[in-house]
Amino acid sequence: MIIILKEKAAPQKVQQLIQDMEAQGLSIHQSQGVNTTLLGIVGDTSKVDIEKIQALDVVAQVKRIQEPYKSANRKFHPQDTVIDIRGKKIGGGHFQVAAGPCSVESREQLMTIADQVKDAGAGILRGGAFKPRTSPYAFQGLGAQGIELLKEARERTGMPIVTEIMNIGHLPLFEDVDVIQVGARNMQNFELLKELGHIDKPILLKRGLANTLEELLMSAEYIMSGGNEKVILCERGIRTFETSTRNTLDISAIPMLKKKSHLPVVVDPSHASGIVWMVEPLSMAAIAAGADGLIIEVHNCPEKALSDGAQSLRPEQFSQIMDKIKKTAVFFGKTME
Ligand code: PEP
Ligand code: MN
């Protein structure tokens, strides 16, 4: 971090600023020019409040050189993080596909789809029990009963389960869930993120509809700074001016996140496009760009789905795409176990 001081900064106040920085365990290198004085702040500046410094009357400008996140930062953790989900590994060359319905709708629906995605080679079962819907009149999910059905499907197939949490108060219901999903709409629900930082369970953190990658990594930091280092990042498309797809898949997010962070990165081509035929090309693109996994919506009867039918693959379509996914992942040096 570099602090540029104002031309006629009062020496006493500058001294006070230097002492405050040193009290935070940072060392200061002062460089005196003809008109400008620079303070180079060396050390872990992730906890320094940049706005407070900016507000001091001796300060002209503050510039961060180091990212404001530490736990999620590859600089402090060069090796890829590998997360173990009931024996299914993701990250560091291990590739996983999570598949299943947008919403858990009934026992019959979930068990049918669970059997089919397992046969096709998916490693993890997805299914929403608490659904974030734009309309309060739309199907809101089966809630606690949906989670019970997911557990039953896990029992039946052996596949670990991932499902979305929307309310901190619901956390006890997720005790026996394998991966807790934080949906796009809750990426900056900081109280929820803090709470998830105190549990020992993988968290699938989806990028918000209009959030930058730095904001996504800061949200991961909320979870990790609480002690839970098992965070999986998910690119699921962002809002742009384009209207022909539901969202715009930000392919560059994948190599950028992998460069900046050691955490596994998965891609959701279903929510990114909102279009069933686009799931395959976007999956291929995601693997080529370095993704560690995919999360794909599959429904046994998409035309009757209670949510996201238009983007849900039929099991036969999923099975065909899975063959290509497996070959492509292997081609790009991943293992799928
Ligand atoms: C979902 O995965 O079902 C979902 C609601 O996704 P997102 O939060 O990315 O919209
Ligand atoms: Mn959905």
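Here are a few friendly notes on a predicted model and the ligand it holds.

1. Some ground rules to start. Residues count from 1 along each chain as its sequence is written, while chains are lettered from A and ligands numbered from 1 in the order in which they are written. As the model is predicted, local features need pLDDT of at least 70, side-chain atom pairs need pLDDT 80 or more, and totals for chains, interfaces and linings use all residues, with side-chain values taken from heavy atoms, leaving out hydrogens and water.

2. The protein has 10 helices and 14 strands (DSSP runs: H or I of at least four residues, and E of at least two). Along the principal axes, its C-alpha atoms fill a box of roughly 75 × 45 × 40 Å. Of the 337 residues, 52% are buried (under 20% relative accessible area, 1.4 Å probe, protein chains only).

3. Now look at ligand 1. The residues around it (a heavy atom within 4 Å) include Arg126, Glu164, Lys206, His271 and Glu297. By class, this shell holds two nonpolar, three polar and seven charged residues; Asp, Glu, Lys and Arg count as charged, and Gly is among the polar ones.

4. Next, the polar contacts, which are pairs of N or O atoms within 3.5 Å. Ala184 takes part through a polar backbone atom, 2.7 Å from a ligand oxygen. Taken alone, ligand 1 exposes 290 Å², and the protein buries 97% of that (Shrake-Rupley method, 1.4 Å probe).

Technical notes. Polar contact = N/O pair within 3.5 Å; in protein donor to acceptor, adjacent residues only side chain to side chain. Buried < 20%, exposed > 50% of the residue type's maximum accessible area, 1.4 Å probe, protein only.
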